[in-house]
Structure formats: C-alpha cells, structure tokens
Amino acid sequence: HTNKHEDYPQVIFGFGEKIQPTEFALAQKLEDALTEQGIVVGLCTGDIWQELCGTTNTQAAITSRVVFIHIELDESIRKNDDALITALVDVFGK
C-alpha cells in the first residue's frame, strides 16, 4: 500500500466487523514482535485506516468463533520479508 497510503504504517491489522479479545491479544503480540524488527504497525481499533481494516472481508464474515486477523502489508515488507518472518517465528515458533 506504499503508493496509495503514504502516511500509513507498514503493517495494518484489521479484525473484520468486530474485534474479539483473542484476536486483539494476538495482534498485540504480533505488533510487539514486528516493532522489535523496526516495522511500523497499526491496529484497526477505531476510525483510522478503515479502508485497510478488512471490515468487509468475506472470510471474516463467514467465520465465527475463530481467530481472524486481516493483515495489510506495505510493498516494502512484501519485497523484503526477512523482518516479518522473524517476527512471525518469534510469536508462533518454528
């Protein structure tokens, strides 16, 4: 989203229409791990970054009682994903 959303974080986590406590807790762990890797993260918890929050995501709409986190990655993170992978391994293990 680099070209379309210049002032946005490099990674944005959305939660569908409603944030579940389990999803938010996991997103906070991911946010911490990504921040340690020097990646700027945003959590969709209000009116900010709404067009990237996944509120109309079809998968989120049809799932219930499961953890769903919509993740938007900046082009720079998609092209060089070493820090992202390190953060994911830190949170989820090998």
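**Reading the fold**

Analyst: Begin with the inventory of elements: the protein chain has four helices and three strands. This is a predicted model, and from the N terminus on the elements run β-α-β-α-β-α-α.

User: What is the mean pLDDT of the protein chain, and where is confidence lowest and highest?

Analyst: Take the overall value, then the elements. The mean pLDDT is 84, and 85% of the residues reach 70 or more. Confidence is lowest in helix α2 (residues 58-62), with a mean of 59. It is highest in helix α4 (residues 82-92), at 95.

User: In what order do the strands lie in the sheet?

Analyst: Sheet order is read across the sheet. Here three strands form an open sheet in the order β2-β1-β3, and the pairing is mixed. Strands β2 (41-43) and β3 stand at the edges; each has a single partner strand, so one side of each lacks a neighbour in the sheet. From one strand to the next, the twist averages 15°.

User: In which sense do β1 and β3 pair, and over how many bridges?

Analyst: Strand β1 (residues 11-14) pairs with β3 in the antiparallel sense, over four bridges. For a residue-level view, look at F13, which stands opposite I71 in β3.

User: Which strands does helix α1 touch?

Analyst: Helix α1 (residues 21-36) packs on the sheet and touches β1 and β2. The direction of helix α1 makes about 165° with that of β2.

User: Now a single residue. Where is H70 found, and why does H70 count as buried or exposed?

Analyst: H70 is found in strand β3, which covers residues 70-73. Buried means under 20% relative accessible area. H70 has 15% relative accessibility, so H70 counts as buried.

User: With which side chain does the side chain of H70 make a polar contact?

Analyst: The partner is the side chain of E72, at 3.0 Å.

User: And for the chain as a whole, what percentage of residues count as buried, and how much area is exposed?

Analyst: Of the 94 residues, 34% count as buried. The protein chain exposes about 6100 Å², with carbon and sulfur atoms supplying 49% of that area.

User: What percentage of the contacts join residues at least 24 apart?

Analyst: Set aside the contacts between residues close in sequence. Among contacts between residues at least 6 apart in sequence, 74% join residues at least 24 apart.

Terms used: Residues numbered from 1 in each chain as written. Predicted model: local features only at pLDDT ≥ 70, side-chain atom pairs only at ≥ 80, totals over all residues. Heavy atoms only, no water. Helix = DSSP H or I, 4+ residues; strand = E, 2+ residues; numbered from the N terminus. Buried < 20%, exposed > 50% of the residue type's maximum accessible area, 1.4 Å probe, protein only. Polar contact = N/O pair within 3.5 Å; in protein donor to acceptor, adjacent residues only side chain to side chain. Pairing = 2+ DSSP bridges. Axes fitted to C-alpha atoms, helices over the stretch in contact; angles between N-to-C directions. Contact = heavy atoms within 4.5 Å. Areas by Shrake-Rupley, 256 points an atom, 1.4 Å probe, with all protein chains shown as cover. pLDDT = per-residue confidence, 0-100.
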